Amino acid sequence: MNLEWTIMRLFDISLRLPRTMRTVATIVLCLLLLPIVAPVLSASASLIDAGQTEQINEKVVAWQQLSDGKVLMVTGSGTLSVNTFESGMHTPVWSLDLNITANSARVDSGENLVSVTHASGVVIIQMTQQIITQYINTSNPVDTVDWDNDGDIWIGYFPGQRRAEEWSGGLPSGIVTSSHTGGMTSMIITSDGHVLTGGYDNRVKVHDNTGALVQQLTDMTSAVNSLEVDAQGRLLVGTAGGDLFRYNLSDYTYEMLSISSNPQLVYIEQMDFASYHVGTQSGEIIVVDVQTFQEGDTYDSSGKVIASLKGANGEVYIISGFTSSTRVRLYDIDSDGDGVTDALDAFPTNPSESLDTDGDGVGDNSDEFPTIPDESVDSDGDGVGDNSDMFPSNPDQTIDSDGDGYGDNSDGQDGDLYPTDSSQWADTDRDGYGDNPQGTLADGCPLVNGFSTQDRYGCPDGDLDGYSDPDQNWTAQQGADALPNMISQWTDGDGDGYGDNATGAMPDKCPTKPGTSTKAWLPDPEDPLQNTELESFGCEDKDGDGWADGSESKDMDLDPNEYLDIDRDGTGSNSDYNDNDARIQTIQDHCNLDFTDVRDVCLGWRTPAYVQYVADSVAANQTAVSYSSWNTTSDSTTTDEAWYETDAMNDALVYGGGLFGILTLVILIIGILASRRKSTQTQKTYGAAGLPTAAAMDEALEGTAGSSAFGGVESDSLWEDDVKPLNLEEQEKEEKVVESSRGVSAEELFSDEESIESIATLGESTPEPEPEAESEPIPQEPQEAPPLPEGGLPEGWTMDQWKWYGHEYLAKMGNQ
C-alpha cells in the first residue's frame with residue numbers, strides 16, 4: 001500500500017477520536033508526516049481534468065468512502081451496495097435491495113450499521129451480516145438520521161415537524177429538539193453528544209442529549225445547507241449564500257470565509273489534515289486550507305455535488321447527481337510519465353507497470369498469476385500462489401480446512417487425520433478418536449485401541465455396551481463400566497453388584513440402597529389376586545434367604561428359613577403346620593381343633609395320659625414311644641404306675657371311647673337329616689346362600705363375626721332388618737380371594753354333618769329336626785336375645801348366634 005493511502009488511513013482514524021484527543025492527534029500527525037507529504041501536496045496542485053470516468057444511470061443519494069477504501073452507495077430506488085472503487089469505476093462487492101425510495105443514508109462511527117431514511121421511516125442494516133436488523137416506522141417522511149453516544153438514533157424531519165427526535169429501542173423516547181422556522185435542513189451529532197440542527201431560519205441550534213436548547217448560532221445571513229465537524233472538533237457550516245463558517249464549540253467563536261461567486265454550499269468534507277472539500281449546487285469542488293481557512297483550487301464539474309474522493313495519489317474524484325443519473329469526474333496527474341493518468345494507471349509511480357488485471361497490487365509484467373486476484377508468487381512451486389497456499393513453504397500441503405495448522409493431505413508432511421476438525425489431527429492408536437485431550441471426541445486411552453463411546457472415547461470396552469472397562473486411572477465412580485462383563489448394565493449406584501438399567505439383565509429393583517436379594521413374593525402380573533415368586537435383585541435381605549425384605553411377611557425378614565406367613569400368626573409357612581389358620585401353628589393345635597383327624601398322632605395329643613407320658617419322658621431325657629406303641633404296652637408298665645396308668649383310667653378310656661363313638665354316629669345321622677335346615681341357618685347367620693368362608697368361620701369361633709372382608713355375619717344388619725341377600729358374583733370373587741390367600745375352605749373346616757350350632761351343643765342329645773318343605777319360608781329373626789346364663793356367653797358363641805339359638809341352649813341346660 002502506498003504512502004498516500006497510509007496517510008489517509010491515519011487521518012481517518014484521527015477523525016474518530018473524541019474531541020479532546022482529536023486535536024492533539026491531528027497536530028502530532030501533521031508534524032510527523034510534513035517532511036514526507038510535501039511532494040504529494042505539490043503534485044496535487046497540478047491536477048488536470050481527466051474527464052468522466054463513470055456514469056451511473058440512477059440517482060445516488062449517499063456516497064461515502066469507508067475506512068477500508070471501499071465505497072458505500074445508496075440509490076434513490078433503495079439499493080444499498082458496498083463497492084470497490086478503482087480507476088474511477090465502482091464494482092459492487094455486495095448489495096441489498098431495501099424496497100424503499102431512499103432520501104439519505106448515514107454510516108455509524110464503527111462502520112457496523114448504516115441507516116437509510118425514506119418517506120415513512122428508517123431502515124437499519126447490519127453491514128457485516130448484510131441484513132436488515134430494524135425498521136423504524138414514522139408518520140412523516142424522514143430526511144436525515146444520526147446516532148448519539150448511547151447508541152440511540154436521532155431522526156430529522158426537514159419540513160413538517162422541522163426538528164429532530166430521539167428513538168430508543170425502536171420507539172420514540174419522547175426527547176425532541178426545538179424546531180426551525182421555515183424548516184430544518186441539516187443535522188449532526190457531535191462526539192460529546194450535542195445535537196446540532198440547521199434550518200431555513202439562518203440558524204444553527206445546539207441541544208444537549210435531553211433535547212434542551214443550550215445555544216443558538218445566529219451569525220449566518222442565509223439558510224444553513226450543510227453541517228460537518230472537522231478532525232479538531234470544530235463545526236463547519238455551509239450556507240445557501242456561499243459563506244463557510246468554522247465555530248469553536250467550546251466558546252462558539254467563529255471564522256467566516258465567503259466563497260468566490262457565492263455558490264450554494266451543499267457539501268463539506270475534511271479530506272485530510274490539510275484541506276477541506278466544499279461542494280456546490282452547481283458541481284464545483286472548492287479546496288479550503290485547514291490551517292489558513294482560505295480558498296484554494298476549484299475543480300469544475302456539473303450537477304449537484306453529493307461527494308468527493310481524494311485518491312491515494314492525490315487525484316480528486318467529484319461525484320455529482322442529476323435527476324436520474326450520477327456521474328464521476330476525475331482530476332488527475334500522470335506522476336510516472338507513462339502516458340496513463342494516475343487514476344487509470346494501476347501503478348502511477350512505476351513507469352514499467354500500468355495494468356493489474358487481477359487487481360492484486362502486482363503489475364501484470366511481474367505477476368506469476370496475472371489473472372488470479374491476490375496471487376503473484378508461488379514460493380514452494382506447488383502451483384498454488386502464496387496468498388492462497390496455507391503452507392507456502394511446504395509443497396505437500398496447500399489447504400488447512402479446519403485451521404488447526406495441519407494440512408488436509410493426511411499422507412504428506414504435517415498431514416491432518418481429521419481435516420474437518422480443528423481440535424484433532426493425530427490418532428496414535430488408530431481407533432478413530434483423536435489424541436488431543438482438549439479436542440472433540442478426545443481419546444481417553446490414546447495408546448490403546450478401544451471403542452468405548454459413553455463415559456470416554458476410544459478405551460477398551462469388553463462387553464461392548466459403550467462404557468469403558470475400569471482401570472487404575474478411571475474407576476466406576478468416575479464413569480467407567482461398573483459391570484464390565486454385562487452388556488446391558490453399566491452403572492451400579494449402590495454398589496451391590498446389580499445394575500441400575502431397569503431393562504437390562506438382573507436389574508437392581510432398589511438402585512439407591514444396596515441389597516443382596518434375588519427374588520420377592522409379589523402379585524402375579526398375570527393374576528394380581530395371586531402372589532407369586534418374581535425376580536427382585538439388589539434389595540435389602542437382612543436374613544440372607546434371597547427374599548427381598550419388603551416382600552416378606554411381618555417378622556419373616558429376620559428368619560432365613562421363612563419368608564411367608566399367610567395367616568399372620570407369627571409362624572412362617574415353612575414351620576407352620578397350617579399357615580391358612582392363625583389358630584394352628586403345630587400339629588398339636590391341629591389335633592385339638594380338628595376331631596375328625598383320628599390319626600395316632602392326633603389321638604396322642606387328645607389323650608392327657610399320653611401327653612403327660614411324653615412330657616415325663618422329655619423331662620427324664622428319654623425317648624418317648626409312639627402313641628400306638630404306648631397304648632398297646634400301657635398294661636405292662638412298671639409297678640410304680642402314674643395315675644394315668646391305673647385300671648380305672650383304662651376302663652374310663654374304653655367306655656368313654658365307646659360312648660364317644662355312639663355319640664359321633666348319632667351326630668352324623670342328625671347332621672344328614674338337618675342339612676337342609678343348616679342352609680337356612682347359615683343364611684340367617686351370614687346373609688347369603690351357601691356355606692360361610694373360612695375367614696367367617698374363624699371369626700365365629702373367635703367371637704369376631706362380621707369383621708372379615710370376605711363374608712361372615714354382619715352383626716349390625718341383624719338388629720332391625722332381614723338378612724340382605726348377597727350378590728352371588730361378588731361372593732364367588734370373594735371366595736376366590738379368600739381361598740387364594742388363606743388356602744382353607746369352609747368345607748375343609750366343617751363337614752356337612754357339622755355346624756357351629758352342633759359344636760355348641762356337642763355331647764347333648766339334639767331333637768331330630770322335622771323335614772322342611774322346599775317352599776318353607778326363611779325363619780324370621782327373633783326380636784330380642786334370651787337372657788345370658790350366669791357365667792356369661794358360652795365359650796365359642798357370638799351374640800348373633802346367641803340371639804338365634806340361645807333359647808335352645810337354655811332349654812337343653814334346663815333339662816340336664
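1. The model is predicted. Starting with helix H5 (residues 608–619), Pro608, Val618 and Ala619 are exposed, and they lie on the other side of the helix from its buried residues, which are Ala609, Tyr610, Tyr613 and Ser617.

2. An α-helix has 3.6 residues a turn, so residues three or four places apart point the same way.

3. What do the buried residues of H5 pack against? Their partners are helix H4 (600–606) and helix H6 (627–633).

4. The length of H5 is close to expectation: its 12 residues reach 16 Å from the first C-alpha to the last, against the 16 Å expected at 1.5 Å a residue. Just after H5, Asn621 has a positive phi of about 60°.

5. Elsewhere in the chain numbering, four strands make an open sheet, in the order E18-E19-E20-E21, with antiparallel pairing. Strand E18 (224–229) and strand E21 (254–258) each have a single partner strand, so they form the edges and one side of each has no neighbour in the sheet. From one strand to the next, the twist averages 15°.

6. E18 pairs with strand E19 (residues 235–239) in the antiparallel sense, over five bridges. Within this pair, Ser226 stands opposite Gly238 in E19.

Methods:
Residues are numbered from 1 along each chain as its sequence is written. This is a predicted model: local features need pLDDT of at least 70, side-chain atom pairs count only at pLDDT 80 or more; totals for chains, interfaces and linings use all residues. Side-chain values use heavy atoms; hydrogens and water are left out. Two strands pair if DSSP finds at least two bridges between them. Helices (H or I, at least four residues) and strands (E, at least two) are DSSP runs, numbered from the N terminus. Axes are lines fitted to C-alpha atoms, for helices over the stretch in contact, and angles run from 0 to 180 degrees between N-to-C directions. The expected span of a helix is 1.5 Å times one less than its number of residues. Buried means under 20% relative accessible area, exposed over 50%, partly exposed in between (1.4 Å probe, protein chains only). Contact means heavy atoms within 4.5 Å.
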